[in-house]
Amino acid sequence: MKRRHFLAGTAGAAAAAVAAPALAQTPSVRWRMVTSWPKSLDTIHGSALAMAERIGQITEGKFQIQVFAAGEIVPALGVFDATANSTVECSHTLSSYFFGRNPAIGFDGGMPFGLNTRQQQAWMMAGGGKELMRDVFAKFGLVNVPCGNVGVQMGGWFRKEINTLEDLKGLKFRIGGVGGTVLSKLGVVPQQIAAGDIYTALERGTIDAAEWIGPYDDEKLGFAKVARFYYTPGFWEGSAQITSFVNQAKWAELPPAFKAAYEAAASEQCVQMMANYDAKNPDALRRLVAAGAQLRAFPKPVLDACLKATVETLDDFATKSPEFKAVYDSWKKFTDDSNLWFRIAENTLDQFRFAAPAWVKS
């Protein structure tokens, strides 16, 4: 009997040793992450910092990532190449900046008049989107990890009012990605400028208008001081998904536990980043309007023309690129099905709530 207990105990100890946390036996990993954001933006650059900190917590300090703001190692728009060529191991950015490399990349960041935040997350995580995008980015030696969303953006800051389509012609507008291509069909001259350089470009008159994200960040960047008309909505992305690029070879070297930690921390930030913007934007908008910002909505004829130009742009990409078409077909079907559901439930309730008087205390 004692011998059986001894053998059982020995076997249990051996099993415990085998099943002991792999982290204790895993070599430490040190990475660098570059972002496309200035340090002043505690929402979006702060999200990269929080993600890196969480990875360290989950791995008990074995996997450490040092985060660098735009310009500290590479420029804001240099993060794609820096990650692909192993200058750094990973980055934190809006993939739409780089859709010129392959138009299918635009689906990762978000398409004009496209999916809202929840729909984008559903397509990526449960509708096959992430797998499709992994195939797209693999050709560049990158692994894409969704790590946030800023929601529907504002339509930007303009020096003059936009009343008709004629007002768009010749307008030098800081906007990148697919939205810039769409607006160019209507006479806009799109300019892709990093966040830290937008204010100066507006102040000097290098550009006539600029979009960024929304009230909280826009207030921090000071745009209201140099352009007073603040437009809504930012239709060029139904929501803007933030993505972490990881060098494919470096990702393959990671232990499974570290990969899991990376994706878990990124998923947390998909929730936390949106929560931060939703919590901070209302008060920031009040402050901007109180300080003199003139809130405007794009006229319906302008939005109608932009939607028509969007459909033409996406259809054109689909005829020229089989890879784009494969993603587009999946995305379009998912969008149609999802919109049907959201119209029935979410939108019906939201329309009633938003039209109702302010909440009445019981």
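Phe 245 is buried, with a relative accessible area of 0%; buried stands for under 20% relative accessible area, exposed for over 50% and partly exposed for what lies in between, with a 1.4 Å probe and protein chains only. The model is predicted, so local features need pLDDT of at least 70 and side-chain atom pairs count only at pLDDT 80 or more, while totals for chains, interfaces and linings use all residues. Residues are numbered from 1 along each chain as its sequence is written, and side-chain values use heavy atoms, with hydrogens and water left out.

**Overall layout**

- The chain has 14 helices and 11 strands, taken as DSSP runs (H or I of at least four residues for helices, E of at least two for strands) and numbered from the N terminus.
- Along the principal axes, the C-alpha atoms fill a box of roughly 90 × 55 × 45 Å.
- Of the 362 residues in the chain, 49% are buried.
- Contact means heavy atoms within 4.5 Å; among contacts between residues at least 6 apart in sequence, 78% join residues at least 24 apart.

**Nonpolar cores**

- A nonpolar core is a set of buried Ala, Val, Leu, Ile, Met, Phe, Trp, Tyr and Cys residues joined through side-chain atoms within 4.5 Å.
- The largest such core has 82 residues, and Trp 212 and Tyr 262 have the most contacts inside it.
- Helix α11 (residues 256–290) gives the most to this core, contributing 8 residues.
- A second, separate core holds 18 residues, among them Phe 158, Leu 168, Phe 229 and Tyr 231.
- In soluble globular proteins, nonpolar side chains tend to be buried together.
- With neighbours within four places in sequence left aside, the contacts of Trp 212 include Trp 37, Leu 41, Tyr 97, Arg 174 and Phe 223.

**Aromatic pairs**

- There are 31 aromatic pairs in the structure, counted for rings of Phe, Tyr and Trp (its six-membered ring) with centres within 6.5 Å; planes under 30 degrees apart are stacked, over 60 edge-to-face and the rest tilted.
- The ring centres of Phe 137 and Phe 245 are 5.0 Å apart and the planes lie at 50°, so this pair is tilted.
- Phe 137 belongs to helix α6 (residues 129–138) and Phe 245 to strand β10 (residues 241–247), so the pair ties together parts 108 residues apart in sequence.
- Phe 137 is buried, with a relative accessible area of 0%.
- Phe 158 and Phe 173 form another tilted pair, at 5.2 Å centre to centre and 40° between the planes.
- This second pair links distant parts of the chain, with Phe 158 in strand β5 (residues 156–158) and Phe 173 in strand β6 (residues 172–174), 15 residues apart.
- Both Phe 158 and Phe 173 are buried.
- Ring pairs join Trp 37, Phe 80, Tyr 97, Phe 98, Phe 137, Phe 140, Trp 212 and Phe 245 into a cluster.
- Lys 332 lies over the face of Tyr 328, 4.4 Å from the ring centre; the criterion is NZ of Lys or CZ of Arg within 6 Å of the ring centre and within 35 degrees of the ring normal.

**Strand pairing**

- Two strands pair if DSSP finds at least two bridges between them.
- An open sheet of 6 strands runs in the order β7-β6-β8-β5-β9-β11, with mixed pairing.
- β7 (189–191) and β11 (294–297) stand at the edges with a single partner strand each, so one side of each is left without a neighbour in the sheet.
- β6 pairs with strand β8 (residues 209–210) in the parallel sense over 2 bridges, and Arg 174 stands opposite Ala 210 in β8.
- Strand β1 (residues 29–35) and β3 run parallel and are joined by 3 bridges, with Val 34 opposite Ser 91 in β3.
- β3 and β10 pair in the antiparallel sense over 4 bridges; the bridge partner of His 92 in β10 is Ser 244.
- Strand β3 (residues 90–93) is covered on both faces, with Cys 90 and His 92 buried on one side and Ser 91 and Thr 93 buried on the other.

**Arg 54**

- Arg 54 lies in helix α2 (residues 44–58) and is partly exposed, with a relative accessible area of 30%.
- Not counting residues up to four places away in sequence, Arg 54 touches Ala 265 and Glu 268.
- The side chains of Arg 54 and Glu 268 make a polar contact at 2.9 Å; the term covers N or O atoms within 3.5 Å, where within protein one must be able to donate a hydrogen and the other to accept it, and residues adjacent in sequence count only if both atoms are side-chain atoms.
- Arg 54 and Gln 64 are 10 residues apart in sequence and 9.5 Å apart in space, C-alpha to C-alpha.
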